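Please read them with the structure open.

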Amino acid sequence: MKPITVLSLMLLLAACAKQTPDERAAEMLKEARYALHHHLYNEARDTIFSLRRNCPTAIEARKQAILLLDSIEMNAAADSLKLVTGEEWERLNVKKQFFERKLQEDINKQ
């Protein structure tokens with residue numbers, strides 16, 4: 001695990017003892033957004049998946065997590081496009097376009 005991940009998880013666990021599920025989920029969304037901003041896509045995904053598992057009653061945060069996960073996937077694909085060519089580029093470009101459309105549809109549904 002990366003040092004930032006270990007520290008983040010330790011802080012999150014310490015804070016969770018005193019938080020409601022909604023507060024905990026909001027904090028996890030904040031952590032996932034931070035990871036996305038710093039291009040730590042695996043950490044961002046893991047945080048969203050943890051939110052889903054550990055905060056089943058935090059409905060609003062879970063709705064936001066859907067959009068955030070789409071953004072994570074779209075940005076990860078876009079960053080990967082810079083590193084590949086040929087068929088792999090085509091595959092990642094399709095993936096990026098898919099998440100762009102999905103994100104727009106999810107935003108329109110809200």
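**Notes on the helices and their packing**

1. Helix α3 has 14 residues and reaches 20 Å from its first C-alpha to its last, close to the 20 Å expected at 1.5 Å a residue. The expected span of a helix is 1.5 Å times one less than its number of residues. Helices here are DSSP runs of H or I with at least four residues, strands are runs of E with at least two, and both are numbered from the N terminus.

2. On the basis of the model: it is predicted, so local features need pLDDT of at least 70 and side-chain atom pairs count only at pLDDT 80 or more, while totals for chains, interfaces and linings use all residues. Residues are numbered from 1 along each chain as its sequence is written, and side-chain values use heavy atoms, with hydrogens and water left out.

3. The chain has five helices and zero strands, in the order α-α-α-α-α along the sequence. Of its 110 residues, 38% are buried. Buried means under 20% relative accessible area, exposed means over 50%, and partly exposed lies in between (1.4 Å probe, protein chains only).

4. Helix α2 covers residues 21-37, and its 17 residues should span 24 Å at 1.5 Å a residue; the end C-alpha atoms are 24 Å apart, so the two values agree. Its buried residues are Arg 24, Ala 25, Met 28, Leu 29, Glu 31, Ala 32, Ala 35 and Leu 36. They sit on the same side of α2, because they cover an arc of only 165 degrees around the axis. The arc is taken from the directions that lead from the helix axis to the C-beta atoms. An α-helix has 3.6 residues a turn, so residues three or four places apart point the same way. On the face of α2 turned away from the buried side are the exposed residues Lys 30 and His 37.

5. What is buried in α3? The residues are Tyr 41, Glu 43, Ala 44, Arg 45, Thr 47, Ile 48, Ser 50 and Leu 51.

6. How do α2 and α3 pack, and at what angle do their axes cross? The axes of α2 and α3 (residues 41-54) come within 7 Å and cross at roughly 165 degrees. The two helices are therefore roughly antiparallel. Angles under 35 degrees count as roughly parallel, over 145 as roughly antiparallel, 65 to 115 as roughly perpendicular, and the rest as oblique. Axes are lines fitted to C-alpha atoms, for helices over the stretch in contact, and angles run from 0 to 180 degrees between N-to-C directions. The crossing of α2 and α3 is left-handed, a term used if the near helix is turned anticlockwise from the far one by less than a right angle; clockwise is right-handed.

7. The loop between α2 and α3 contains His 39. Its phi is positive, near 60 degrees, in a residue other than glycine. His 39 is partly exposed, at 49% relative accessibility. Asn 75 is 36 residues from His 39 in sequence, and their C-alpha atoms are 8.2 Å apart in space.

8. Helix α4 (residues 59-81) and helix α5 (residues 86-109) pack at about 155 degrees, with their axes 8 Å apart. This angle makes α4 roughly antiparallel to α5. The crossing of α4 and α5 is left-handed.

9. Two alanines of α4 deserve a look. Ala 65 is in helix α4 and is buried, with a relative accessible area of 1%. Its C-alpha atom lies 8.9 Å from that of Ala 32, which is 33 residues away in sequence. Ala 76 is also in α4 and counts as buried at 11% relative accessibility. Between the C-alpha atoms of Ala 76 and Leu 40 there are 8.9 Å, for residues 36 apart along the chain.

10. The structure holds one aromatic pair. Phe 98 and Phe 99 form it edge-to-face, at 5.0 Å centre to centre and 80 degrees between the planes. Rings of Phe, Tyr and Trp (its six-membered ring) pair if their centres lie within 6.5 Å; planes under 30 degrees apart are stacked, over 60 edge-to-face and the rest tilted. Phe 98 is partly exposed, with a relative accessible area of 42%, whereas Phe 99 is buried at 14%.
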